[in-house]
Protein chains: 2
Amino acid sequence: IDNDFRFGRWPLCLYAEWKEVPYAEVSTRKKTFAEVQTERLDQAERTVLIKCPSKINEKKLLQYLSSHGNVKSHFFFENRGISALIEFSEKGSIASLQDAVGIPSASEHHVVPFKSRLFTFTLKNPGSQRIEETPLHLSPQCHIPVKDLIEKLCLADSISSQMYMLLNEYQLTEENIKLRFLACSLVRDFTCAYFPDSTVKPFGSSVNTFGKLGSDVDMFLDFRDTGKHATKMKKGPFEMEYQMKRLPSERLATQRILSVIGDCLDNFGPGCVNVQKILNARCPLVKFAHQPTGFQCDLSVSNSIAIRSSELLYIYGCLDSRVRALVFTIRCWARVHGLTNSAPGTWITNFSLTMMVMFFLQRRSPPIIPTLDQLKELAGKHSCFCGYCSLFNFFIILKTNFSLLLLMALVFFPLDVLLGEFFEYFGNFDFRKNSINLRKGKEVNKPESSPLYIWNPFEQDLNISKNVNQPQLEKFVAMARESAWILQKEDKTQQIMDKEPWGLAALLIPFGKSNSSKMKNRMKGIGSETIRSLLDSLKLNNANSQQKAVGK
Amino acid sequence: IDNDFRFGRWPLCLYAEWKEVPYAEVSTRKKTFAEVQTERLDQAERTVLIKCPSKINEKKLLQYLSSHGNVKSHFFFENRGISALIEFSEKGSIASLQDAVGIPSASEHHVVPFKSRLFTFTLKNPGSQRIEETPLHLSPQCHIPVKDLIEKLCLADSISSQMYMLLNEYQLTEENIKLRFLACSLVRDFTCAYFPDSTVKPFGSSVNTFGKLGSDVDMFLDFRDTGKHATKMKKGPFEMEYQMKRLPSERLATQRILSVIGDCLDNFGPGCVNVQKILNARCPLVKFAHQPTGFQCDLSVSNSIAIRSSELLYIYGCLDSRVRALVFTIRCWARVHGLTNSAPGTWITNFSLTMMVMFFLQRRSPPIIPTLDQLKELAGKHSCFCGYCSLFNFFIILKTNFSLLLLMALVFFPLDVLLGEFFEYFGNFDFRKNSINLRKGKEVNKPESSPLYIWNPFEQDLNISKNVNQPQLEKFVAMARESAWILQKEDKTQQIMDKEPWGLAALLIPFGKSNSSKMKNRMKGIGSETIRSLLDSLKLNNANSQQKAVGK
């Protein structure tokens, strides 16, 4: 691990200096990754989850809860019945509520008396009570099917709008993020029992701003704070230490702790099912389904590379609204065409695909996002004096003076242009020779013969796409070329008249299975052989020019 | 289980009414079983254990600890080095101490950062510090070997004194009891992590006043208090319940909980080693060695029969000082002669043997202890009005008026008489026909053919000595007869002149292996055949007279 690439305390606003970045969202200061994590975890600790009857009187529930403290926020959602997430203003309200809550009687079933923050609310005499007139608003916790998405997209007025529409349908909602942090907080209740200083934090898709509704919750157990008292009591001639289990390796300690926590979840955790311990993996983990929140969870132990990757993506995602829209679009497109898969295998992973989008955004001219080396340089410059208040002022100035310039950047390089460029870029990329290096933002010679080589940004000798084989890569290139072609030939008016999917919608229909007349026309008009030879010649030209550039 | 035989809240002083009981220890009111348990558990929660260097300056350690709170009591003992048990006056002192204690550095070993009440105290520069002049007093945590005991016994002035001497050497010390409760309290720290209302209490030898130094610590996990809030919040039209893991049987819940707690002890508990889960036993349990206290522990889940047996023995043990001395003597005698064994098998268990002593003390004339039915009757009488204060006064009166009478009882039936009577009683007992029933205090016809049948006092259809086979029983009878004969032929003066073990000491030497001239003389003087026929005739007479009694 290169220590130069720790992001930990970098304020996001640093990247304001990166002069090429168009600021689409400069009106309020963006929070740093660490700030968001802390705030959300605190929120989750003040939160409970209540299973409700299907005909729940929202007002009465809130009235009952208010006797234990002020309810700061709440929402209802459907998951094996109706549930309510309740966020109190004060943590103490939960203790007050817990004290008033009963244990299910053991007449039919015997219970494991573990008292969590998961409750069931019931009406004593359902018949005698007035049923709620206004139907509950239920926050969706999963995205709409692709079929429905395509229909929706056809109603948009531009490809850019379609891409933002897709982002809006697929990205995590405020409510879903709250549920994810709650799931972590509930697991923390288990780890805190033995390790009071431990925390359980989400990483990956839940926090990197690129998470899709329905994605797994990756969480890690963090002991970082445990050692904070270790240096105390050094005065005087004595030393007092805890007697603790000693193990020959940190890995063994990790495996043991995860194993026990896994057993605790399995045996005591309400709604924790299908607990699987995968302790001999490179990164030992416990997988389980958490029924109360509806998430599939992966619990591992603090992994600095995973955290930094999350933070890097968070920074890129916050820099420019187009970044996330493009990534969501490419990922949806890849999934539809079988280029990615939720099962492990030779498919390109979502993370690799996201890194390819980032690389493209670094490489295009002008670039949309900075390289890691540039980020590092910016962080170095500001490491001493960069206070948030002064930088907030800096943002205001930026917004006032550069708004016209920013607007122009958005007009000249709108999302649909970037989408087309992406397909062209990777349709022409010399994968045989070059690898993808996000640190330098350059194509560099492949250090070994993997079909697809993407340098791990934080461990430079690792290829994050080692699993991808030649046929999968070829399929990706073919699909990219096909998609580039479709976008170029785009005739929105004609397609709408023909009642055919247009723009992004057209790209989200499997090409082979397409029964649209347009697809047939396309195949009639120009043979795929012709396209291939055309694109191959383009690639050759491109490769030559790049070789020259590298030679400089 | 017969609900009539719940002892729970019986004040000990009740048995004062049982008119035959001689009060050897009436000066202070004895505490009830529940009172002792509560007090000891509270004490244990305020206690920590500190591993010390061999040359520890006691004053400096106490001075250091006093900065965290008042030390109420402390002692040192040897167990894999020197350890100190420290009892604070306030529980809060432990938190203060824990806050100042460091975590061992992970340079060589990796630790599981579970913070217990087990610490290691070290001197930073051992060379530069003044070494303690006065040697530490170390409380013994195990009894002396039988060989040394025999030597000591020979110095006593009577067989009764020998028996009290044996009791004194073998019984649990105040310090050892504190350590046992601490072991339970440390296990409770594990169970409380998930079940805050749970307690871990010792039962059996640790608390029944019949425990021997070195015996295992039997402890049980009690959830009894968990349900205390279950009936709350019944007002209003709603009900709120915890979501909890449901299981089809209580046994399965017990097994699951013990299994996880066992894993926690194994993986997180400092010094918890050789953890074995025996979950398919009739009473599921987890066995482990607890190195910091030096105990072999058995953790099970609340078992009302075991608790009642402990309390019954506690009551019998407190009634009359002769009871415990006789039981310790018989158990030591049985062990020396191979009648009992720490391994499971066809041997008589210590519990069965103790019950046989109790039965004998119920049967002799006048009886020394009441039957269970009599105890039950006394409890019934006093269930309403029996306050401790008034009964304390009752004790004072008893002591004043009956002291002469009590002295006479002790003179006429001293311990050595009871010992001889015990051997005669069971040397002549008709085991073929009769069973031992402590509830009625009567010999009753055996309900089935087990060689030895002792009714479980709390589950009347169970035989607590089902494991004993005919050869083992015959060996017991033979040894009892031999011992009765030795006591009768006792010639203390001659034995002391011959420098031979006398009295109880003579009984604690394996008869077969004895190389004393006395043993040879004894064999010469009277053939064992002669003894047997003599005793058999006695037994026959006895059986006849008893048959008549039963016939009435």
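1. In this predicted model, 73 residues of chain A are in contact with 73 residues of chain B, contact meaning heavy atoms within 4.5 Å. The area buried between chain A and chain B is about 7700 Å², with 61% of it given by carbon and sulfur atoms; buried area is the accessible area (1.4 Å probe) that two parts lose on being put together, summed over both. Met240(A), Tyr242(A) and Lys245(A) supply 13% of the area that chain A buries against chain B, more than any other three residues.

2. Across this interface of chain A and chain B the rule finds two salt bridges, a salt bridge being a side-chain nitrogen of Lys or Arg within 4 Å of a carboxyl oxygen of Asp or Glu. Lys115(A) forms one with Asp197(B), where the closest N and O atoms are 3.2 Å apart.

3. Chain A can be laid on chain B with an RMSD of 0.0 Å by a turn of 180° and a shift of 0.0 Å along the axis, the copies being superposed by least squares on the C-alpha atoms of residues with pLDDT of at least 70 in both. The two copies are thus related as by a two-fold rotation axis. In chain A, the C-alpha of Ala193(A) is the nearest to the axis, at 2.3 Å from it, and the same surface serves both copies, since 100% of the contact residues of chain A recur in chain B.

4. An open sheet of five strands, with mixed pairing, has the order 2(A)-3(A)-1(A)-5(A)-8(B). Strands (E, at least two residues) and helices (H or I, at least four residues) are DSSP runs, numbered from the N terminus, and two strands pair if DSSP finds at least two bridges between them. Strand 2 (71-78) of chain A and strand 8 (238-242) of chain B stand at the edges, each with a single partner strand, so one side of each is left without a neighbour in the sheet.

5. Strand 1 (residues 47-52) and strand 3 (residues 82-88) of chain A run antiparallel and are joined by six bridges, with Thr47(A) standing opposite Glu87(A) of strand 3. Helix 6 (residues 174-194) of chain A packs on the sheet, where it touches strand 1, strand 2, strand 3 and strand 5 (118-123) of chain A.

6. As to sources, residues are numbered from 1 along each chain as its sequence is written, and chains are lettered from A and ligands numbered from 1 in the order in which they are written. Local features need pLDDT of at least 70 and side-chain atom pairs count only at pLDDT 80 or more, whereas totals for chains, interfaces and linings use all residues, and side-chain values use heavy atoms, with hydrogens and water left out.

Methods. Axes fitted to C-alpha atoms, helices over the stretch in contact; angles between N-to-C directions.
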